[in-house]
Amino acid sequence: MIINPILRIAIIGDIVGSRLEYRNCKVKDFKLLTEYNFITDDTIMTIALADALMNGENIKQSYINWGRQYFEKDYGPNFRKWLSSLKPEPYYSFGNGSAMRVGIIPYVARNIKEAEKMAIESALPSHNHPIGVVGAC
């Protein structure tokens with residue numbers, strides 16, 4: 001998969017912030033990349049969504065394929081359970097995962113209506129609570 005500039009920026013931002021996740025860091029002067037930075041579950045799901053949208057594939061199946069390939073990442077417990085299921089079904093999540101993976105949509109959508117449709121479709125496999133859908137939008 002060719003990684004477009006928008007996706008590349010999202011991935012770099014995720015990696016830069018990875019070592020500060022779950023920490024209340026107010027320092028603005030720090031090294032961007034260190035040996036403690038890493039690719040997170042959000043990067044994996046962003047790539048999964050990009051792969052599906054750019055190749056016309058099923059979004060849910062792409063999440064499953066990529067998520068299982070990188071199962072060691074720090075997925076939330078419910079999403080991990082979803083990935084592990086033989087028949088993954090939406091679990092009414094309103095977590096921020098649906099919002100964290102949509103950075104590719106403005107790049108591939110032709111207009112705002114299509115972007116909203118893609119955002120909704122990207123949320124529904126797992127984050128089908130109305131707040132989860134709104135987060136993706």
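**Notebook: core and helix packing**

I looked up the largest nonpolar core; it has 28 residues. Met45, Leu49, Tyr63 and Ile105 have the most contacts inside this core. The model is predicted.

H1 (5-18), H2, H3, H4, H7 (112-123) and H8 (130-136) each supply at least two residues. H2 gives the largest share, seven residues.

Next I took Met45. I set aside its neighbours within four places in sequence. Met45 is then in contact with Tyr63, Trp66, Gly67, Tyr75, Phe79 and Arg101.

Then I turned to H2 and H3. H2 spans residues 41-55 and H3 spans residues 59-69. They pack at an angle of about 140°, with their axes 8 Å apart. That angle makes H2 oblique to H3. I noted a right-handed crossing of H2 past H3.

I listed the residues that meet here. From H2 I have Ile44, Met45, Ile47, Ala48, Leu49, Asp51, Ala52 and Leu53. From H3 I have Ile59, Ser62, Tyr63, Trp66 and Gly67. By class, this contact of H2 with H3 has ten nonpolar, two polar and one charged residues.

Last, I looked at H3 against H4 (residues 77-84). Their axes come within 9 Å and cross at roughly 100°. H3 and H4 are therefore roughly perpendicular to each other. Lys60, Tyr63, Ile64, Gly67 and Arg68 in H3 meet Trp82, Leu83 and Ser84 in H4. I sorted the contact of H3 with H4 by class: four nonpolar, two polar and two charged residues.

One cross-check on Tyr63. I find Tyr63 in the contact of H3 with H2, and again in the contact of H3 with H4.

Conventions
Residues are numbered from 1 along each chain as its sequence is written. This is a predicted model: local features need pLDDT of at least 70, side-chain atom pairs count only at pLDDT 80 or more; totals for chains, interfaces and linings use all residues. Side-chain values use heavy atoms; hydrogens and water are left out. Axes are lines fitted to C-alpha atoms, for helices over the stretch in contact, and angles run from 0 to 180 degrees between N-to-C directions. Helices (H or I, at least four residues) and strands (E, at least two) are DSSP runs, numbered from the N terminus. Angles under 35 degrees count as roughly parallel, over 145 as roughly antiparallel, 65 to 115 as roughly perpendicular and the rest as oblique. A crossing is left-handed if the near helix is turned anticlockwise from the far one by less than a right angle, and right-handed if clockwise. Contact means heavy atoms within 4.5 Å. Ala, Val, Leu, Ile, Met, Phe, Trp, Tyr, Cys and Pro count as nonpolar, Asp, Glu, Lys and Arg as charged, and the others, Gly among them, as polar. A nonpolar core is a set of buried Ala, Val, Leu, Ile, Met, Phe, Trp, Tyr and Cys residues joined through side-chain atoms within 4.5 Å. Buried means under 20% relative accessible area, exposed over 50%, partly exposed in between (1.4 Å probe, protein chains only).
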